[in-house]
Amino acid sequence: MAADNTVNLIINQKANFEVSFTIKENGSVKNLANHSVIAEYKTDYSALDSSAQSFTCNTQASNGIVTISLTHSETANLIYGQKYYYDVVLINDSTSFRTRVVEGTIKASPGAAI
């Protein structure tokens, strides 16, 4: 996987959110066939795992693309001024081996018109 896999996000409250990542291994797009993806966020790395909130995850396996998303009602729950931490994890379906492919922080941006 890429050496620097940190991507910090700004998510607009009360708006749908979606971002895609192309996963590469040794400089080439990784085929994600036979892999699952999970992505979660929480307010602190040391927070209980049960407090983690999940993104909806989709893949375009042959293109190595992972897309994570939240609905407008899910982004409405993000608190302006609160820093969140997220991870995107690739799971090999055969071996259950887990690899963190993207990580970073989330900041919520408030909206007046939505």
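This is a predicted model: local features need pLDDT of at least 70, side-chain atom pairs count only at pLDDT 80 or more; totals for chains, interfaces and linings use all residues.
The mean pLDDT of the protein chain is 92. Of its residues, 96% reach 70 or more. Confidence is highest in strand 8, residues 65-70, at a mean of 98. Strand 3, residues 24-25, has the lowest confidence, at a mean of 92.

Three strands form an open sheet in the order 2-8-7. Their pairing is antiparallel. Strand 2 (17-22) and strand 7 (56-60) stand at the edges. Each has a single partner strand, so one side of each is left without a neighbour in the sheet. From one strand to the next, the twist averages 20 degrees. Six bridges join strand 2 to strand 8 in the antiparallel sense. Phe17 stands opposite Leu70, a residue of strand 8. Side chains alternate along strand 2. Phe17, Val19 and Phe21 point to one face and are buried.

Aromatic contacts were examined next. A pair of aromatic rings is described by the distance of the centres and the angle of the planes. The structure holds four aromatic pairs. In one of them, the ring centres of Tyr41 and Tyr84 are 5.6 Å apart. Their planes stand at 85 degrees; an angle over 60 counts as edge-to-face, so the Tyr41 and Tyr84 pair is edge-to-face. This pair links distant parts of the chain. Tyr41 and Tyr84 are both buried.

Phe55 and Tyr86 form another edge-to-face pair. Their centres are 6.2 Å apart, with 65 degrees between the planes. This pair, too, links distant parts of the chain. Phe55 sits in the loop between strand 6 (53-54) and strand 7, whereas Tyr86 is in strand 9. The two residues are 31 residues apart. Both Phe55 and Tyr86 are buried. Together, Tyr41, Phe55, Tyr84 and Tyr86 make up one aromatic cluster.

Strand 9 (residues 83-92) also contains Asp87. Asp87 has a relative accessible area of 24%. The cut-off for buried is under 20% and for exposed over 50%, so Asp87 is partly exposed. Beyond its neighbours within four places in sequence, Asp87 is in contact with Ile38, Ala39, Glu40, Arg100, Val102 and Glu103. Gly104 is 17 residues from Asp87 in sequence. In space, the C-alpha atoms of Asp87 and Gly104 are 6.8 Å apart.

Glu103, one of the contacts of Asp87, lies in strand 10 (residues 98-109). Its relative accessibility is 19%, so Glu103 counts as buried. With neighbours within four places in sequence left aside, Glu103 is in contact with Asn5, Thr6, Val7, Tyr86 and Asp87. Among these contacts is Tyr86, a member of the aromatic cluster.

Definitions and conventions:
Residues are numbered from 1 along each chain as its sequence is written. Side-chain values use heavy atoms; hydrogens and water are left out. pLDDT is the predictor's confidence in each residue, from 0 to 100. Helices (H or I, at least four residues) and strands (E, at least two) are DSSP runs, numbered from the N terminus. Buried means under 20% relative accessible area, exposed over 50%, partly exposed in between (1.4 Å probe, protein chains only). Contact means heavy atoms within 4.5 Å. Two strands pair if DSSP finds at least two bridges between them. Axes are lines fitted to C-alpha atoms, for helices over the stretch in contact, and angles run from 0 to 180 degrees between N-to-C directions. Rings of Phe, Tyr and Trp (its six-membered ring) pair if their centres lie within 6.5 Å; planes under 30 degrees apart count as stacked, over 60 as edge-to-face and the rest as tilted.
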